[in-house]
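I set down what I looked up, in the order in which I looked.

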Amino acid sequence: MTREASCNGLVELAALCAAGALPPEEARDFEEHVRRCKACEMQLRSFRELAAVLPEGLPWQRPPAALRQELLAAVRREPQGPQVWKFWKSSSAGELHVVRRDEGRWEPVGLPGVWVKQLYADPERDSVTMLVRMDPGSQYPPHRHGGPEQCLVLEGDLRVGDVVLHAGDFQCAPFRSMHEVSRTDNGCLLLIVCSQHDELLG
């Protein structure tokens, strides 16, 4: 069993810890686990980024037991992790598929400053189309491609190893090729078409 799979049951603890809703002893135990587990560290960081956008002074209270169970059940159903697109379902049933610029939602991927928005998913053909937004200074870890990856830089800059791309630049990485760390200096917006079976490395 992989570390990521063995930690799936801790997603709700990461959410409660970020919200300050864990009892002190449970919070200490979870923080100790996070220091040894990269997957849970990314989960906690992602939830803390979400908590940071809530209004200041929000009076955190432990929810009633029934509501708490309902919230935890919803968290368990929500796919988490740096490759959330692996869980995206088919986008349409043979009809014209349109996503307006103000439609859809930006999803955190558990890495600081990196967000994705689903445009289209076709699991039968192992293909997803998405927008990726990276904040200045953020990065995405090395990975091996489960299929060809096409990337068009719409805004900003993207560095992949020694290659630097700017707005309007395009790259296509072949099946089974490996990408080094992808980072941005000033932030970027990317249009990416890729496989749902990419593999994180390192």
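Entry 1, ground rules. I take two strands as paired if DSSP finds at least two bridges between them, and I take helices (H or I, at least four residues) and strands (E, at least two) as DSSP runs numbered from the N terminus. The model is a predicted one, in which local features need pLDDT of at least 70 and side-chain atom pairs count only at pLDDT 80 or more, while totals for chains, interfaces and linings use all residues. Residues are numbered from 1 along each chain as its sequence is written, and side-chain values use heavy atoms, with hydrogens and water left out.

I looked up an open sheet of three strands and found the order β9-β5-β12, with antiparallel pairing. β9 (178-179) and β12 (199-200) are its edge strands, each with a single partner, so one side of each has no neighbour in the sheet. Strand β5, residues 143-144, is joined to β12 by two bridges in the antiparallel sense, and His143 stands opposite Leu200 in β12.

I noted five helices and 12 strands in the protein chain. Of its 202 residues, 40% are buried, where buried means under 20% relative accessible area, exposed over 50% and partly exposed in between, with a 1.4 Å probe and protein chains only. I take a contact as heavy atoms within 4.5 Å; among contacts between residues at least 6 apart in sequence, 68% join residues at least 24 apart.

I found β11 mostly covered, with five of its seven residues buried. β11 runs antiparallel to β3, to which seven bridges join it, and Val128 stands opposite Cys194 in β11. β11 also pairs with β6 in the antiparallel sense, over six bridges, and there Glu155 stands opposite Leu189.

How many cavities of 30 Å³ or more does the count come to? I take a cavity as a set of points, on a 1 Å grid over the protein atoms alone, where a 1.4 Å probe fits but cannot get out, and lining residues as those with an atom within 4 Å of a point. The count comes to one, and about 220 Å³ of space lies in the largest cavity, a volume being the space filled by probe spheres set on the points. The lining has 20 residues, of which Val132, Tyr140, His143, Glu149 and Ile192 lie nearest the centre. Two or more lining residues come from each of β2 (114-122), β3 (127-134), β6 (149-160) and β11 (188-194), and β6 gives the largest share, four residues.

I found zero disulfides in the structure, a disulfide being a pair of cysteine sulfur atoms within 2.5 Å. Cys188 is in none, and the nearest cysteine sulfur, that of Cys151, is 7.7 Å away. Cys188 is buried, with a relative accessible area of 5%; Cys17 is also buried, at 10%.

I located Gln196 in the loop between β11 and β12, and found it buried, with a relative accessible area of 5%. Leaving aside residues up to four places away in sequence, Gln196 touches Trp85, Lys86, Trp88, Pro123, Asp126 and Val128.

Conventions
1 Å grid on protein atoms, 1.4 Å probe; cavity = no way out; pocket = protein on both sides within 12 Å on 5 of 7 lines; lining within 4 Å.
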